[in-house]
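Here's a quick briefing to read alongside the model. Have the sequence and the 3D view open while you go through it.

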Amino acid sequence: MAEATRLRVSAQFADDAALLAAACRLRAAGFAGLEAYTPYPVPALGALTGRASRVPAIAFLGGLAGFALGLGLQLYATIIGYPLDVGGRPLDSWPMYLPTVYEFVVGSAVLAATLGFILTARLPRYHHPAFEAPGFARASSDGFFLLVGLPDRARYQSLHEELARCRPLAVADLPA
Amino acid sequence: MSDRLIAPGESFASVTDRVTGIVFDPPHRLGWWLLMLLALALVGLGTLAIGWLFVAGIGIWGINIPVAWGFAISNYVWWIGMASGGTMISSLFHVMRADWRSSVNRLAETMTLFAAACAGIFPILHLGRPYYFYWLFPYPNVMGLWPQFRSPLLWDFFAILTYVLCSMLFWYVGLIPDLATMRDRAPSRAGQIVYGLLALGWRGSALQWLRYQSAYRVLAGLMGPLVISVHSIVGLDFAGGLTPGWHSTQYPPFFVFGAVLSGFGIVLMLAIPLRRAYRLEALITPRHLDILARLTLLSSLAVGYAYAMDLFTAFYGDSRYDHDLALDRLIGHYAPLFWITILCNLLLPQALWWRRVRQDTRLLLVIGASVVLGMWCERILIVLQSLAHEYEPSRWGLFHPTFWDWATLLGTIGLFLAGLLLLLRLLPALSLFELRDLLARRGAAHG
């Protein structure tokens with residue numbers, strides 16, 4: 001959402017299809033700063049944001065880090081830290097380290113995916129303007145909301161006209 | 001197909017009300033308290049047993065030489081097996097995009113959490129000097145020692161640690177959108193604050209859902225292989241020993257089969273009373289139970305195959321010790337355990353071939369319980385019988401469980417039950433947003 005956003009208008013819709021249609025329509029009319037809120041994932045709305053998730057890449061990097069840490073730790077411990085000669089067997093018996101490395105890889109990837117999700121989803125967040133929308137508590141149950149940010153009042157009237165054509169259940173101006 | 005996964009007539013609001021109602025306006029308060037008191041009494045007994053163990057040492061248990069692994073290890077394997085089965089339901093069927101998972105995944109994951117916690121207690125108690133358990137951590141210390149990374153027992157330590165942490169994260173990430181629902185519906189200010197903090201400010205924006213779904217897919221994809229590795233490593237704890245009966249290459253998959261079987265069994269055992277007590281029949285439908293029953297049957301056949309191969313390789317092989325052990329399993333001192341295992345894990349579940357059995361919740365409950373009991377017998381049999389019947393007759397001996405062995409086992413059952421009961425009253429028992437998603441897609445299919 002643009003930093004210069006000064007006005008926010010919320011609109012509630014009956015279902016995901018109406019919300020999606022409204023989002024497409026406003027987008028086509030040139031309104032930027034649209035944010036849709038739904039009680040369950042609606043992939044088409046996600047596609048509208050035009051952004052891809054970086055979480056898989058973050059998880060992959062986490063896994064790589066886990067691999068390096070797990071293998072490095074074991075090689076250090078068994079070659080340098082505490083070399084133990086068992087009947088002349090090699091100290092760097094890496095196949096025996098793989099199960100532990102595997103656990104390190106999965107553990108780090110899960111941790112990275114979780115943190116990656118929390119951060120890229122802009123969480124944790126104490127407050128957000130969306131929570132000011134009337135009836136927004138239903139967005140986590142059966143409410144479908146669209147939030148439109150405007151940089152100034154220039155298109156305020158046309159936004160309301162455009163929204164009215166999308167048959168919303170309710171429209172409200174949010175406090176700045 | 002998804003039609004039958006939710007009863008007709010349910011809406012977003014009715015699903016939300018039904019599930020959050022269990023927390024905010026709980027029915028059966030008296031029954032809940034009675035069960036909770038029972039669970040807490042068991043926890044008290046277990047705490048007493050563990051306290052006495054710390055004072056007196058593991059001599060209070062029935063273990064000795066030659067049977068130095070007893071209840072602690074088999075209970076550990078049993079609990080971690082049920083935990084693994086729960087994660088398997090949740091992660092594998094998410095990756096396979098099986099719609100039916102939505103109503104049971106939260107239950108399975110919550111069950112996993114407490115089963116894994118119960119499992120985690122035992123290896124530490126089993127240490128002669130439990131206060132040195134942290135020696136398993138690889139940390140620089142003044143003794144200049146490092147753990148033995150080539151031992152399956154240490155692999156197991158890392159596997160369990162990773163598994164417990166990852167299960168918690170997987171469970172929590174799966175809960176975040178539902179915590180937001182709880183925040184928005186909590187009647188009390190305290191509830192709003194606590195659920196609000198836990199929900200991290202979730203709003204359900206399109207961008208958040210996008211990232212949420214991709215993260216959840218990644219987590220589910222990682223959890224499945226993790227579970228298989230965890231229980232395979234548990235199998236390697238045994239296979240890594242030279243003891244007859246344990247030293248077998250089939251142990252890792254054999255243990256995974258058993259884990260999955262007991263996981264399905266315990267989920268059946270929990271889902272059936274839950275749906276009945278809290279009127280969730282519309283959400284946990286006969287179709288869910290039917291699928292769980294079929295999966296129980298499938299995994300029962302898988303363990304049956306493993307039992308058959310276990311005996312086959314023993315007799316096909318050339319080791320008289322293996323012959324002797326296999327024969328001892330069939331007719332020796334521990335044979336009753338073996339035959340109970342066969343009855344509970346293999347024979348009784350065959351009833352699930354019949355549709356009428358799969359639709360009868362009482363029979364399903366009995367079969368679920370029989371499988372859980374059967375898996376306990378199998379684990380204790382594996383641990384005891386091989387140790388009691390090693391190579392030389394001079395090393396033969398029996399294990400007699402003491403009061404404290406049973407008290408510790410009962411204590412963990414109490415802990416499991418108490419944990420589940422507590423979370424039932426604090427968190428949504430079913431995944432709300434996945435049910436909504438299911439409803440939305442069903443609507444789309446009809447419209």
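**Briefing: chains A and B**

B:Leu346 sits in helix H11 (residues 335-347) of chain B; helices here are DSSP runs of H or I with at least four residues, strands are runs of E with at least two, and both are numbered from the N terminus. This is a predicted model, where local features need pLDDT of at least 70, side-chain atom pairs count only at pLDDT 80 or more, and totals for chains, interfaces and linings use all residues. Residues are numbered from 1 along each chain as its sequence is written, while chains are lettered from A and ligands numbered from 1 in the order in which they are written.

**Around B:Leu346**

- B:Leu346 counts as partly exposed because it has 19 C-beta neighbours inside 10 Å; the scheme calls a residue buried at 20 or more other C-beta atoms within 10 Å of its own, exposed at 12 or fewer, and partly exposed in between, with C-beta atoms placed from the backbone.
- Leaving out residues up to four places away in sequence, B:Leu346 touches B:Ser300, B:Val303, B:Gly304 and B:Tyr307 (contact means C-beta atoms, placed from the backbone, within 7 Å).
- B:Ser299 is 47 residues from B:Leu346 in sequence, yet their C-alpha atoms are 9.4 Å apart.

**Another chain B helix**

- Helix H4 (residues 105-126) of chain B has 22 residues and runs 32 Å from first C-alpha to last, close to the 32 Å expected at 1.5 Å a residue (the expected span is 1.5 Å times one less than the number of residues).
- H4(B) is mostly covered, with 18 of its 22 residues buried.

**Strands of chain A**

- Strand S1 (residues 7-13) of chain A is mostly covered too: five of its seven residues are buried.
- S1(A) runs antiparallel to strand S3 (residues 144-150) of chain A, joined by seven bridges (strands pair if DSSP finds at least two bridges between them), and A:Ala11 has A:Leu146 as its bridge partner in S3(A).
- S1(A) is also antiparallel to strand S4 (residues 170-174) of chain A, with five bridges; there, A:Gln12 partners A:Ala170.

**Helix H1 of chain A**

- H1(A), residues 16-28, has 13 residues and reaches 18 Å from first C-alpha to last, close to the 18 Å expected at 1.5 Å a residue.
- Its buried residues are A:Asp16, A:Leu19, A:Leu20, A:Ala22, A:Ala23 and A:Leu26.
- Looking down the axis of H1(A), those buried residues fall within an arc of 165 degrees, so they line one face of the helix (the arc is that of the directions from the helix axis to the C-beta atoms).
- Just after H1(A), A:Gly30 takes a positive phi of about 95 degrees.

- Chain A splits into domain 1 (7-51 + 129-174) and domain 2 (55-120), with bounds from an automatic or database domain assignment.
- Taken over C-alpha atoms, the two domain centres are 46 Å apart.
- A:Val86 lies in the loop between H3 and H4 of chain A, and counts as exposed because it has 10 other C-beta atoms within 10 Å.
- From A:Val86 to A:Pro168 is 82 residues along the chain and 76 Å between C-alpha atoms.

**Where the chains meet**

- 53 residues of chain A are in contact with 47 residues of chain B.
- H4(A) supplies the largest share of the side of chain A that touches chain B, at 15 residues.

**Confidence**

- Chain A has a mean pLDDT of 90, with 97% of its residues at 70 or more (pLDDT is the predictor's confidence in each residue, from 0 to 100).

How values were computed
Two residues are in contact if their C-beta atoms, placed from the backbone, lie within 7 Å.
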